[in-house]
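Here are my comments on the model you sent. Please read them with the structure open.

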Amino acid sequence: MSLAKIASESVVSLSSLHAAEHFGLGRYGDPVDSRGWERGMRALSRVLAPNGALYFSVPIGREQVRFNAHRIFSPATVLEAFSDLELVSFSAVDDDSRVLPEADPRAFETADMACGLFEFRKRPR
């Protein structure tokens, strides 16, 4: 969750695909931490180089925790957590397993458990 051994602003391209929803739930030996997901997302932003790309996917919809399995994030929560990054594109797989390229994240706030695929870029200083 901390990426402590990776230097700040050192990674040009970074993928976090269906990992953050597990952070802090203790399922994989990590400590139980109700804000573990937030710490993990901050760490991803920290290590991303200027102009670097972050490819990020998590379950999205009505926000909830299914302890100790995973979280479902509101798309707004993901966007807020990465507010220091620019959203380049968003695609999703909806509750009916349809792939929706170039979708509107707000359309998934009430999904049961869709999949959000976010592409972010770190703005240069």
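Predicted model: local features only at pLDDT ≥ 70, side-chain atom pairs only at ≥ 80, totals over all residues.

1. Start with the core. The largest nonpolar core has 24 residues. Those that touch the most other members are L54, F56, V58, V78, F82, F118 and F120. Strand β2 (48-60) is among the elements that give two or more residues to this core. The others are β1, α1 (36-47), β5 (85-93) and β7 (114-122). The largest share, five residues, comes from β2.

2. Look next at F82. Beyond its neighbours within four places in sequence, F82 contacts M41, L44, S45, L54, F56 and F120. L54, F56 and F120 are, like F82, on the list of core residues that touch the most other members.

3. S16 deserves a look. S16 lies in strand β1 (residues 11-17). Its relative accessibility is 5%, so S16 counts as buried. Leaving out residues up to four places away in sequence, S16 touches L44, Y55, F56 and S57.

4. Now the backbone. Most residues other than glycine have a negative phi. N51 has a positive phi, near 70°. N51 sits in strand β2.

5. S97 belongs to the loop between β5 and β6 (99-100). Buried or exposed, then, for S97? S97 is exposed, because its relative accessible area of 60% is over 50%.

Technical notes
Residues numbered from 1 in each chain as written. Heavy atoms only, no water. Helix = DSSP H or I, 4+ residues; strand = E, 2+ residues; numbered from the N terminus. Buried < 20%, exposed > 50% of the residue type's maximum accessible area, 1.4 Å probe, protein only. Contact = heavy atoms within 4.5 Å. Core = buried A, V, L, I, M, F, W, Y, C linked by side-chain atoms within 4.5 Å.
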